[in-house]
Amino acid sequence: MEELRVFCPATIANISCGFDVLGVALDSVGDEMVIRKTPKKGIFITKLEGQDLPMETERNVAGVAGLALLNESDYDGGFEIEIYKNIKAGSGIGSSAASSTGAVWAMNQLLGKPFTTSKLVEFAMEGERLASGVAHADNVAPALFGGFTLVRSYEPLDIIPINSPSELFATVIHPQIEIKTSDSRKILKTHITLKEGIKQWGNLGGLIAGLFTEDYDLIGRSLEDHIVEPIRSILIPGFNDVKKGALTSGALGCGISGSGPSIFAFSKGEATAKKVALSMKKVYEKIGIDHDVHISKINTEGVKEI
Ligand code: HSE
């Protein structure tokens with residue numbers, strides 16, 4: 001096999017109570033990439049459509065993630081990369097993670113799978129380091145494994161795949177303002193109180209238990225963030241109204257997707273997820289901000305060949 005076309009899913013990171021450790025892959029939105037072997041050593045971005053992003057290998061997240069893989073591989077050729085972006089950069093649904101994971105996953109397939117999925121997460125994290133200054137894994141892990149994933153530990157890296165309840169749907173609204181992850185990390189506090197910690201890890205444990213037991217009420221009760229959301233939500237116009245509307249429309253919970261500005265809600269069943277989408281749209285129509293809405297099942301496969 002010399003060439004692969006792949007679908008690279010969008011992802012929701014943090015999921016309210018799991019800052020930097022929890023993420024989930026979406027089904028209905030993602031990028032496409034073509035990765036091709038070439039005898040010339042190195043990584044070459046030959047096409048980039050849909051977004052205005054750098055094509056130089058060292059300045060492109062797919063390029064940097066690909067180089068991380070190439071450096072640990074005994075393959076003495078290289079790869080060409082074509083990127084077709086549907087996920088907008090700075091939208092909060094894992095745009096950089098989609099490009100990084102698509103590159104390393106396809107390269108691993110083309111080389112006969114010398115690396116484990118966990119090792120691919122490490123390579124893809126180099127793309128995240130370039131994009132945000134921090135090599136967080138909460139978008140790249142679900143993009144590679146599919147479904148929900150927990151980063152139990154960064155040192156050493158320990159990724160735990162989590163069950164995806166079959167009736168769970170995500171609604172994501174992207175108000176068209178750009179928030180750079182690097183900027184929205186700078187405003188966070190670096191210390192929390194024990195009281196805040198207790199609330200947060202109680203919810204994180206509850207959410208994981210709810211996902212495994214498919215207890216939708218428990219999932220809903222656990223979708224709370226007492227640490228990051230109060231700070232970051234200030235950057236997102238209409239956040240409180242969107243959240244209120246989503247919950248009134250039957251969502252289990254609602255919060256900031258990754259570093260924003262996208263806002264996600266989880267619902268039991270597609271009909272509720274659609275109602276939630278309408279209520280979210282109303283808020284941005286009223287304040288006059290352009291927006292995209294996605295309603296998606298949980299993607300349990302992750303990045304895949306198409
Ligand atoms: N955990 C990261 C953050 C995700 O919130 O900064 C960025 O998509």
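**Close-up views of a two-domain predicted model**

**View A. Contacts between domain 1 and domain 2.** In contact (heavy atoms within 4.5 Å) are 32 residues of domain 1 and 41 residues of domain 2. The chain is divided into domain 1 (3-163) and domain 2 (168-297), with bounds taken from an automatic or database domain assignment. Their C-alpha centres lie 24 Å apart. The model is predicted, with local features needing pLDDT of at least 70 and side-chain atom pairs pLDDT 80 or more, whereas totals for chains, interfaces and linings use all residues. Residues are numbered from 1 along each chain as its sequence is written, and side-chain values use heavy atoms, without hydrogens and water.

**View B. The largest nonpolar core.** A nonpolar core is a set of buried (under 20% relative accessible area, 1.4 Å probe, protein chains only) Ala, Val, Leu, Ile, Met, Phe, Trp, Tyr and Cys residues joined through side-chain atoms within 4.5 Å. Among the 67 residues of the largest one, Ile12, Ile15, Met33, Ile81, Phe148 and Phe266 touch the most other members.

**View C. Surroundings of Ile15.** Leaving out residues up to four places away in sequence, Ile15 touches Leu22, Gly23, Val24, Phe148, Leu207, Leu223, Phe264 and Phe266.

**View D. Trp201 in helix H6.** Trp201 is found in helix H6 (residues 194-213). This residue counts as exposed (over 50%) because its relative accessibility is 54%.

How values were computed: Helices (H or I, at least four residues) and strands (E, at least two) are DSSP runs, numbered from the N terminus.
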